[in-house]
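Please open the model in a viewer and keep the selection panel at hand. The stops below are meant to be followed in order.

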Amino acid sequence: MAQAPWLIRSGTLVNPEGGEVIADLRVDDGRIAAVGAALPADGCQVYDARGKHVFPGFIDPHVHLGNYRPFGDDCVSETIAAAAGGITTIVQFLKVLQCRPTQASYHEILDEAIASFAARTSVDVTFHLALSTYEHMGEIPSYVERGLTSFKFYLGYKGNEAALRRGTVGVPDDLVYAGFQEIGRAPGAVALVHAENDELVRCFERAVADPERASFLEWANTRPALAEEEAVRRVCLFGMATGAPVYIVHLTSKEALAAVREFRHVSPAPIYVETCPHYLVLDKHQANGLPGATAKVIPPPRDPESREALWGGIASGAVDTVGSDHCAIELARKAHVWNGLPGFPGMETLAPLVVGEARRRGVPLPRVAAVLAYNAARIFGLLPRKGTLRIGADADLAILDLSREWTIRAAALYSSSHFTPYEGLRAGAYVDATFLRGQLIWRDGQVLAPRQGQVVLRHPS
Ligand SMILES: [Zn+2]
């Protein structure tokens, strides 16, 4: 469907591949058609972006729809929350157990998953496949062939019934290694790892005298940075041995980041690091001050030193991406620290928090555009269509007002969760508008064009 052309007038373009420049940007047929000074507005709708910052639409590489609520409901409500946060592409973790009673082949469910998303989503979507059987590992080349090039391995959660109910299967090292071998041979493929040593966690859990009365801090300390660092080192070794590019999801600790830095010097295969907004703006002491399991997430928020190390990693380029780990969930299911369920919503507040805080810390905005858009596009094979302001790219744009601070209130957010661990925090950036493939889908608090998203498949370069 052809879209009316747009002229985005006089915004500060934040180019992750270059710098910041004040210019006009013209959108034709859903793509970026021209960038320059004083472009003609003939036949265009004009968006006055003076004083605002124009980023490539944000890409959230870490999203869980349907973990706790019916998938279709999540897909409708939570992708609107994404658009409200300036996100134009999400990468959903597809888990076969959310679609079938057994760990069937992804070839059995892909067509229906694609159709199901295409009917409901308000932003573009692609998938990471969570792999858990030898059959899955053997099918990696055929998944890549279908345009799905990223594969998730859960090192934690082995034998965990609660995790299984949300479709998460922890995998032993033999399966992980078999998967890495296939990925190492498949150009463009990437191994995503939830890096935590669960056996070690169980040892710390046993030391808690009374779990019923445990504080958030006591719970968080059962999943120490050591458990993350050990698993990170293990998969970096597997990556070195197999040539598989490794992408550590939701990295939390200064120890794990230091381990990655060491391996980057010696590993022939790339090692990528993702972190999350909750590790950048919360620490475990702040989380301990929230009721029950409000800020419970696995892995847990760390100490302030790790938060600072992650910001250092964003500034230096050691951290590649920031993903939300978004889960829609009712707060009632997080009343109790020990038994409360992990996860919380994060897409809508991701860019306002990270952009605002980055600016406060003096991190250059093109670097922020890289961690919130460009790097995910590069790593997951979405370039040059997504994550960039290049001519010819999809006109996915997030237009931010950095002079408009606001206070985060769950009551004003679109997620069905009706709570946020960031309640009352000040966000230093406001999403003024979101364009998806040239269509204005969000402006100043209003959803203008829901359910215009598409499923995007990738082709390895
Ligand atoms: Zn996750």
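How many residues does helix H13 have, and how far does it reach from its first C-alpha to its last? In this predicted model, select residues 304-316: helix H13 has 13 residues and reaches 18 Å, close to the 18 Å expected at 1.5 Å a residue. Next, colour Ser-306, Arg-307, Leu-310, Trp-311, Gly-313 and Ile-314, which are buried. Viewed down the axis of H13, the buried residues fall within an arc of 155° and therefore line one face of the helix. Gly-317 follows H13 and has a positive phi, near 95°.

His-62 lies in strand S6 and Asp-325 in the loop between strands S13 and S14, so the pair ties together parts that are 263 residues apart in sequence. His-62 and Asp-325 are both buried.

Continue to the salt bridges, of which there are 35. Select Lys-52 and Asp-432, whose side chains meet at 3.9 Å, N to O. Because Lys-52 lies in the loop between strands S4 and S5 and Asp-432 in strand S18, this pair ties together parts that are 380 residues apart in sequence. Both Lys-52 and Asp-432 are buried.

Finally, select Asp-124 and Lys-386, which form a salt bridge at 2.7 Å, N to O. Asp-124 is in strand S8, whereas Lys-386 is in the loop between helix H15 and strand S15, 262 residues apart. Both residues, Asp-124 and Lys-386, are buried.

Terms used: Residues numbered from 1 in each chain as written. Predicted model: local features only at pLDDT ≥ 70, side-chain atom pairs only at ≥ 80, totals over all residues. Heavy atoms only, no water. Helix = DSSP H or I, 4+ residues; strand = E, 2+ residues; numbered from the N terminus. Buried < 20%, exposed > 50% of the residue type's maximum accessible area, 1.4 Å probe, protein only. Expected span 1.5 Å × (residues − 1). Arc of directions from axis to C-beta. Salt bridge = Lys/Arg side-chain N within 4 Å of Asp/Glu carboxyl O.
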